[in-house]
Amino acid sequence: MSLYAYDQIDREMLADRAAEFRGQVARRLSGDISEDQFKPLRLMNGLYLQLHAYMLRVAIPYGALDGRQLRALAAISRDFDKGYGHFTTRTNIQFHWIRLKDAPDILDRLAAVDLHAIQTSGNCIRNVTADPYAGATAEEIDDPRVWSEAIRQWSTFHPEFTYLPRKFKIAVTGSAKDRTAARAHDIGLKLTRNREGQLGFEVMVGGGMGRTPYLGPTIRQFLPARSLLSYLTAILRVYNRLGRRDNIYKARIKILVASTGAEEFARLVEAEWAALDQAPIDLPDLELARIRTAFGVVPFETLPARSDVFEAARAADPALARFARNNLAPHKRSGYAIVNISLKAPGETPGDATAAQMEAVAAVAERYGQDDIRVTHAQNLVLPHVKLDDLPVVFAELQRHGLATPNLDLVTDIIACPGLDYCALANARAIPIAQDIARRFAAPDRAEAIGELKVKISGCINACGHHHAGHIGILGVDKKGEEFYQLSLGGSGAEDASLAAILGPALPADQVAPAVEALVDAYLGLRSDPAERFLDTYRRLGPAPFKEAVYADAHQA
Amino acid sequence: MTLQALTANRLLDGDVVFWSGERWVEQFSDAHLYDDPEPAEAALATAKGLPTVLVDPYLIAVTDDGAAPVSFRERIRALGPSDHLELGKQAEGGAAIAAIQHAHGSALSTGRLSLIRRKP
Amino acid sequence: MPTLIRLEDGAFVEAVDRFVTVAADEAIPTDGGVILPLARFEAEGAALLDDGRPVGVLIQPDEAVEGLAYDLPRLALVALSFPKYRDGRAYSSAALLRTRLGFAGEVRAVGDVLREQAREMVRCGFDAYVPSDGSSAADWAGAAGRYRHVYQTAADRRAPAFVERESE
């Protein structure tokens, strides 16, 4: 098992938190505390009141969990919800049909398997997003999970930062390829080495989606790794003191950085950091080593690069071959692969998994995957350590449970928030739009021929679907009570980060999938060669040909 | 004047409920429809005095034939999610549910009569 | 008179308030302890201190507590205001008072002060509270004592988990 092993102290934290919340719920039910006083407390335990019921957002810390935990989530979905869960763009899992009176029992059940819903909502530091390929990818400078766990502990119940101006999201990436959208976070941390080979972080501050998207500027090129927590303290303190509190739409740190200016903001942070007594805040080497060790060591076998079993199977089974082409990523160890499990079967709700599917993934992970499962910000799952020899049987098992859709990063691998079907904040539905588009491109040959195309859909300006970072971004808006959708093009949440630009006037719901088809057709006709991605063709040619394709009558306007 | 209904979420389980005139019910078709703002406001005031029963009661606009809430959002609250037609209130089926599902037109996006600030 | 709760030697006790909080335009009582808003303190505080009066300063969330640095050694207390309990700026102010500015007097939480925030307040260095929710010293003791461990270093200097682990 290569999950951070909770020790007695970690477990007592979860137990004490669950007990505290039980008391707070009782006081709310008896009228001892008002809804206004209770709301931040329940939000800080991940409990929202949504359109149909309460929604519970369970933390999957930096997207990592094991089979036991996934089974527990499946059981919770059965015992307290309606038999399914939704994986989110911040690598958490949501249950949509929760009752307040059950929440304390659910937290106890979670705590029993080292899970919780701590700080998954509220104006506090949220779950850290880390590279889902951590510990498996060859191009990693250091394991981001170690640092994510350090941040998790430092930020959990941090007394000074529990009532921030607004929510706060941190991402840690350790590879050249950014699978976390780090620059679109409040703080993005990129592991790096300086010329002397010292380990540290490039620190980016002030990114964010939402009403006004920003890419965070780098405020420090190199921060020695051991100073991470004190530096974060400095950033958070500056934000806590200076972030706006008069207008919730202007309260994120991205607004503060933009209005102060990156240079001046960096100066404020450096000044605070210099004045801080850093030593008591930063983790001693011993503790960092303890955390690293607590992740365990994966007992990799020494295997040849080529697996005869796998080669024979994929030669015989075109479906396996297609799955391997699209959903596998190279592993740092010879004879292993990283397996991506798509939760985007065309026609299904993106990111949803049934209890049976969760249990199937748990079983496969336990038997063939070193009991290691990750969640990605694209609402998919990953088995980071699978032997090539085992791929045929893993694929067969995934297929049995509808978990073998071979569409990673393709047009049908759509990110969509729950939208107006579930969320009290939404203006429009996102799920049916995703389903429409996915059904249109469901033919696997077609999707593969199109190549990498990231479609991201949000049901409101809060942008939980990350539409600003979509190659095709779609934003649901409310136009005189009807659902309309604004298309934007050219966004990216990867290391080539960019914000999507609005293409033209919003379209009614039934015209969205045809518009996407028109965009795809335009791209196929314009690309310089099949290797040129949609995003690259757009960047090369600009919006004009795409606008023309969608708004064919535009010249008449 | 527009017909109105009074709705809220139940504190204990978060379920969407409507005031029937006598008790809090789960189906929109059992909701009392007000055609006069005074009793509607009075019922709302009473509901706001029940913080251990309800969260955030408010009035919603209803179509002239009384079949459905005006706003799309309120229709979804009265039905359930469109990606799982077997879940939520819509699972009960029947004519009243069908009437909400097939209701046409909507003007007020949130359905709340006391509109919170909305950018034009 | 709203209850004043003080944290003394680790115990929460109900206390008699020996200070009068004076508003911007009110007359200052001729004797006894007074708490003045910052601007008023800057104008009239020195004279009161010279008279040997116990003086406290009331700091709003947007007022920088560093401005008191030179006067802190002579101040009996600093009151930090929570206009709304969700406004968390006073937590940073308290932490700065205790750590960087080395203030050893009373740090008092006033305004929208609720027992559900007892833990954060204690950890950030508050040692006196004027609750607005009618809670008692026993309530505060209960709320503040719910966690057996803490993960991070804070102004209260309670040993964080990683120090506890060292000694295992």
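Colleague: Which of the two pairs of chains in contact share the most contacts?

Modeller: That is chains A and C, where two residues are in contact if their C-beta atoms, placed from the backbone, lie within 7 Å. This is a predicted model, in which local features need pLDDT of at least 70 and side-chain atom pairs count only at pLDDT 80 or more, while totals for chains, interfaces and linings use all residues. Residues are numbered from 1 along each chain as its sequence is written, with chains lettered from A and ligands numbered from 1 in the order in which they are written.

Colleague: How many residues does the contact take from chain A and from chain C?

Modeller: Chain A gives 33 residues and chain C gives 28. On the side of chain A that touches chain C, H1(A) gives the most, with seven residues; helices and strands here are DSSP runs (H or I of at least four residues for helices, E of at least two for strands), numbered from the N terminus. That side of chain A divides into 16 nonpolar, seven polar and ten charged residues. Ala, Val, Leu, Ile, Met, Phe, Trp, Tyr, Cys and Pro count as nonpolar, Asp, Glu, Lys and Arg as charged, and the others, Gly among them, as polar.

Colleague: What makes up the contact between chain B and chain A?

Modeller: Here 25 residues of chain B meet 25 residues of chain A. Helix H2 (residues 72–79) of chain B supplies the largest share of chain B's side, four residues. By class, that side holds eleven nonpolar, nine polar and five charged residues.

Colleague: How far apart are the nearest C-alpha atoms of chain B and chain C?

Modeller: They are 17 Å apart, and the two chains do not touch.

Colleague: What makes strand E7 of chain C mostly covered?

Modeller: Five of the six residues in E7(C), residues 106–111, are buried.

Colleague: How do you know that E6(C) and E7(C) pair?

Modeller: Strands pair if DSSP finds at least two bridges between them. Strand E6 (residues 77–82) of chain C and E7(C) have six bridges, in the parallel sense, so they qualify. Within that pairing, C:Ala79 stands opposite C:Arg108.

Colleague: How many bridges join E7(C) to E8(C)?

Modeller: Two bridges join E7(C) to strand E8 (residues 128–129) of chain C, so this parallel pair meets the cut-off as well.

Notes: Buried ≥ 20, exposed ≤ 12 C-beta atoms within 10 Å, placed from the backbone.
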